[in-house]
Structures are given as structure tokens and as C-alpha cells.
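Here is a short note to read with the structure open. Take the points in order and find each residue as you go.

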Amino acid sequence: KILEDDEAHGMEDVEEEEVDEAARKEEEREKARSGGGDNVEEEEAEEAGGGVMKEGEEEGVEDSPPPHRQLITLDNIDTSQLCPPLPEDTIPSITLVIQSTISRLWIIPETCHRWTTDPIILVVYIPHNNTETFNERNYTSSCPQLTIIKFNAPSTQPPHEYPVNQLRNIGLKHIKTTHFLVLDVDFIPSADLPSALKPHLSITSDNNALVVPAFEREGTCDTIPQCQSLSQN
């Protein structure tokens, strides 16, 4: 019982000290309002953590963290590091960069049949907790120019989001040719596309891009065999 009473008195003393301290600060603020408000602002800033920069101080790198995203355009990107100069006698070659889900891989054999002379890089998106499987050799055995890269999505990846740009960038990191062509897996190149493109490719120019038009073919299909047959015609 005596210990409980002592603890109670101790709590009362602490409360009285807190009240006195709060009253003292309020009194100082009242005096500052009548004399000068700058002191109050500085005192409040110091109580909040002292993060206010005073006149004459320099802003350090650590105080200003870089932005999470930076806009990169043709005006501020250094292409000399990404695309080093090539000898003038270099023969142009094109890598076909494709991204796809497992359910669309049935289109790849026809793409391989049409794009035969230059490399193909295929980035396959595999979602978290995926139940579908595929055998890479079923595609690469009959398509030696094909390289398959699996992208296993992390568990934090929302199932409804398909990181198309990230998959394209992964494919672009593996190019070893002078040029590249980015396609979605649903786009099938024409059989003579590589030979039609190469006469227009430049080795010496850094700022030229060749745009390949896309056309939609007429016809409908309900099954994968029907769609494969349609794409072959």
C-alpha cells in the first residue's frame, strides 16, 4: 500500500512538472509574439527536428536525394556508350526482340520459319505461382537462331499487370547485332522482311530509326490449330 502511494505521488510530481513546462513555453511564445516572431519559428523548427536550413549553409547531396525517375530523351542520352561506332565495312544484322506469355508461344514456330537468317530473342513472362509449363527445346531444336529468356515474376507482382516494357528491356540487353526490331508475339514478320530491311540500314548514322508498318489480316480462328493454319497462308 505504501509503495502504491509513493508511486501515485511520483506520478503527480511528473504531471505537475509537465504542466509547468508547458506553461513556461506558452509564456515564452506570448512574449515572443509581442517582441519578435522569428524566435518562435526557430524554436518550433528545432523542436520538430532542426531540419530548417539557415542562411549561409550549403545544401548537401544527402539532404536532397535524387528523384526516383528521370526522363531520358534523345537530347540528354549519351548514345556513344550504348551504341559504339562500328567499322564502315560491318555487315548490318537485325535481332528480333519478342516478349510473350506461355499461352502465346504457339505463334513462335511460324515466326522462326519466317525469320531465319538473324537472331531472335524471346523473353517469356512466367507469373508467380504459375501452373503452366513449357519445354524450351520444343522451340529451340527446330529454331537454332532462337534464344529464350525466362522472366519469373516476383510474388509482389500483381497478377493483372504485365510488365511489357521491362520484358522488352531485358531482351534489348542481350542484343549483339548492329540493329534490332521489337515486336509483340502476336506480330508475325513477313517472310522477306529481313532482306527488305537491310538495304535501308545505316552503320554510320546514330539518329535514324526505320519504322516497319503492321497490317491486320482478314480471317478468324477459334482454336490454336486453326490460327496456326491461318498464319501460314
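The points below cover a disulfide, some ring contacts and a pocket.

1. **The model.** Keep in mind that this is a predicted model. The values below are computed from it.

2. **The disulfide.** How many disulfides are there? The count is one. Cysteine 112 and cysteine 143 form it, with their sulfur atoms 2.2 Å apart. A disulfide is a covalent bond between the sulfur atoms of two cysteines. The torsion about this S-S bond is about -90°, so the disulfide is left-handed.

3. Cysteine 112 belongs to helix H4 (residues 108-114). Cysteine 143 is in the loop between helix H5 (137-140) and E3. The pair therefore ties together parts that are 31 residues apart in sequence. Are these cysteines buried or exposed? Both cysteine 112 and cysteine 143 are buried.

4. The model has three aromatic pairs. One of them joins tyrosine 125 and tyrosine 162. Tyrosine 125 sits in strand E2 (residues 120-126), while tyrosine 162 sits in the loop between strand E3 (146-152) and helix H6 (164-172). So this pair links parts 37 residues apart in sequence.

5. **Burial of the two tyrosines.** Tyrosine 125 has 6% relative accessibility, so it counts as buried. Buried means under 20%. Tyrosine 162 is at 31%, so it counts as partly exposed.

6. **A second pair.** Phenylalanine 134 and tyrosine 139 also pair. Their ring centres lie 6.4 Å apart. The planes are at 65°, so this pair is edge-to-face. Edge-to-face requires an angle over 60 degrees. Phenylalanine 134 and tyrosine 139 are both buried.

7. **A cluster and a charge.** Which residues make up the aromatic cluster? They are Tyr125, Phe151 and Tyr162. Elsewhere in this note's list of rings, phenylalanine 134 has a charge over it. That charge is the charged end of lysine 150, 5.1 Å from the ring centre.

8. **The second largest pocket.** Its volume is about 840 Å³. The lining of this pocket has 25 residues. Nearest its centre lie Asp186, Phe187, Ile188, Phe215 and Arg217. Strand E4 (179-184) and helix H8 (224-232) are the elements that give two or more residues to the lining.

9. What kinds of residue line the second largest pocket? The lining divides into 16 nonpolar, three polar and six charged residues.

How values were computed: Residues are numbered from 1 along each chain as its sequence is written. This is a predicted model: local features need pLDDT of at least 70, side-chain atom pairs count only at pLDDT 80 or more; totals for chains, interfaces and linings use all residues. Side-chain values use heavy atoms; hydrogens and water are left out. Rings of Phe, Tyr and Trp (its six-membered ring) pair if their centres lie within 6.5 Å; planes under 30 degrees apart count as stacked, over 60 as edge-to-face and the rest as tilted. Helices (H or I, at least four residues) and strands (E, at least two) are DSSP runs, numbered from the N terminus. Buried means under 20% relative accessible area, exposed over 50%, partly exposed in between (1.4 Å probe, protein chains only). A charge sits over a ring if NZ of Lys or CZ of Arg is within 6 Å of the ring centre and within 35 degrees of the ring normal. On a 1 Å grid over the protein atoms alone, a cavity is a set of points where a 1.4 Å probe fits but cannot get out, and a pocket is an open set with protein on both sides within 12 Å along at least five of seven lines; lining residues have an atom within 4 Å of a point. Grid points are joined across faces, edges and corners, and a volume is the space filled by probe spheres set on the points. Ala, Val, Leu, Ile, Met, Phe, Trp, Tyr, Cys and Pro count as nonpolar, Asp, Glu, Lys and Arg as charged, and the others, Gly among them, as polar. A disulfide is a pair of cysteine sulfur atoms within 2.5 Å.
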